[in-house]
Amino acid sequence: MQQIFNFIIRNSNRLLFLLLLGISLSLTIQSHSYHRSKIISSANFLSGGVYEKINRVNEYLNLRAENDELVLENARLKSLLFNQKDTTKAPLADSIKGVKPADIIVSKVIHNSYNTHENFITLNSGERQGVKPDMGVINSLGIIGVIDNTSPRYSTVVSILNMKSRINAKIKKSNHFGSLTWNGKSTGYVQLEDVPRLASIRKGDTIVTGGQSSIFPEGINIGTVDIVYKKENTSFYVIKVKLFNDMTNLGHVYIIKSKDREELINLENKRKEKNE
Amino acid sequence: MNSALLVNIFRFIMLLAIQIVIFNNMNFLGYISPFPYILYIILYPVNSNKAGLIFSSFLLGLTMDMFCNSGGIHAAACVILSYYRPYIFKFSFGLSYEYQTIKLNESLTPERFSFILVSVLLHHIVLFVLEAFQFKFFWDVLLRTLFSSIFTIITSIIIIYLIKPNKR
């Protein structure tokens, strides 16, 4: 017994080191799996509050860019109002097929990261505004990501610039599906994988969200085709997609509540239970 | 003794605040940002309580992780740096460092520079390896470590000279 105590006292620093290293490594491993730890995220009151304060200052510096964006959106809204048959313009957030204006929460980005392999965005609305995990986040130009964690007043978003994110997307003119991923390199480009070689694709084609996902409604803009690669030994293409959004400069965003989602999941669960 | 504790607490909070407000937003070339908050571990008094250093640097890293949404990578890197700090001292200042009075915030000698260099490199390698977590990013990790280390060392030395206590 005496020797055990002596051992612990002699090696107390080493034991403390190993304990804390173990905690931090397990937190790291947890963060690399899809379901993330809830404690260490910027959606809590301390970091969310600090980011909101910082953002209040930064907003003044970005007023010009934000104003330009608002003017553009206003112009597009007016053009929609005056010639309603104008279909060449990009779809608006509150004119998406199947989504009522009441299903949209307007929110603001208070922290945005884009320099790591797994990027997250912090928003200043949370459970009190009705935000729940797995809701889609878009802005006037295109998609941004999917809600990850929520707290009463803040929420974090898995950005599309996150190597864990996979979003169902399709080519607008031919309806061929693929899944949208990011290879961790450039902030302006994402990859559309698993597109069948049967699809005819040209540079400049528009990529939009597909109807298979229960997170985003169908047909929200993502980007345009930049380069098409053939994946070796498979019958699939990998497409490099140039994003419409500048992910390094985000202001106001829209969160989409999908009412059909629960119904869809229930239905799919029922089918799974039947199979078992 | 008490004033040393107060100075350390003050340093802890100030370095974290500066890191989060200013340096986390310095995305030079898209992905290079310096991490001068580890100055807290570098400048911690040489002969003080080691358990205190390890535990406080764990808290330091955990707070950074909370703000960066990065799981536990900063905490792991900080804990490793604080545990191996005595070995880096031995490497840079020779075996008898405990009997000397080392003050890092004085004129920059080769020993002091090599101490800062080795500490920053150790911290950044652990940080970026844990962040990438995959072997296929080997060159990416090396490149990020190299560039971020250069920036961290420059900003650290500037900060050391800015907060240098006045001599009477």
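1. A word on conventions first. This is a predicted model, in which local features need pLDDT of at least 70 and side-chain atom pairs count only at pLDDT 80 or more, while totals for chains, interfaces and linings use all residues. Residues are numbered from 1 along each chain as its sequence is written, chains are lettered from A and ligands numbered from 1 in the order in which they are written, and side-chain values use heavy atoms, with hydrogens and water left out.

2. Chain B has six helices and zero strands, giving the pattern α-α-α-α-α-α along the sequence. Helices (H or I, at least four residues) and strands (E, at least two) are DSSP runs, numbered from the N terminus. Of the 168 residues in chain B, 53% are buried; buried means under 20% relative accessible area, exposed over 50%, and partly exposed in between, with a 1.4 Å probe and protein chains only. Among contacts in chain B between residues at least 6 apart in sequence, 66% join residues at least 24 apart (contact means heavy atoms within 4.5 Å).

3. Now to a helix pair. The axes of α1(B), residues 2–21, and α3(B), residues 50–68, come within 11 Å and cross at roughly 25 degrees. Axes are lines fitted to C-alpha atoms, for helices over the stretch in contact, and angles run from 0 to 180 degrees between N-to-C directions. The two helices, α1(B) and α3(B), are therefore roughly parallel to each other; angles under 35 degrees count as roughly parallel, over 145 as roughly antiparallel, 65 to 115 as roughly perpendicular and the rest as oblique. On the α1(B) side the contact is made by B:Phe12, B:Leu16, B:Gln19 and B:Ile20, and on the α3(B) side the residues include B:Leu59, B:Leu60 and B:Phe67. By class, this contact of α1(B) with α3(B) has seven nonpolar, three polar and no charged residues. Here Ala, Val, Leu, Ile, Met, Phe, Trp, Tyr, Cys and Pro count as nonpolar, Asp, Glu, Lys and Arg as charged, and the others, Gly among them, as polar.

4. The axes of α5(B) and α6(B) come within 9 Å and cross at roughly 140 degrees, which makes α5(B) oblique to α6(B). Residues in the contact include B:Phe113, B:Leu117 and B:Phe128 of α5(B) and B:Val141, B:Ile153 and B:Ile160 of α6(B). By class, the contact of α5(B) with α6(B) has 13 nonpolar, five polar and two charged residues.

5. The loop between α5 (110–132) and α6 (138–162) of chain B holds B:Phe133. At 39% relative accessibility, B:Phe133 counts as partly exposed. Not counting residues up to four places away in sequence, B:Phe133 touches A:Thr28, A:Ile29 and A:His32.

6. On to chain A, where six strands close into an antiparallel barrel in the order β1-β2-β5-β4-β3-β12. Neighbouring strands of this sheet are turned by 45 degrees against each other on average, direction ignored. Strand β2(A), residues 118–123, and β5(A) pair in the antiparallel sense over five bridges; two strands pair if DSSP finds at least two bridges between them. A:Thr122 stands opposite A:Thr156 in β5(A).

7. Finally, A:Ser165 lies in the loop between β5 (155–162) and β6 (167–171) of chain A. At 8% relative accessibility, A:Ser165 counts as buried. Not counting residues up to four places away in sequence, A:Ser165 touches A:Val158, A:Ser159, A:Ile160, A:Leu180 and A:Thr181.
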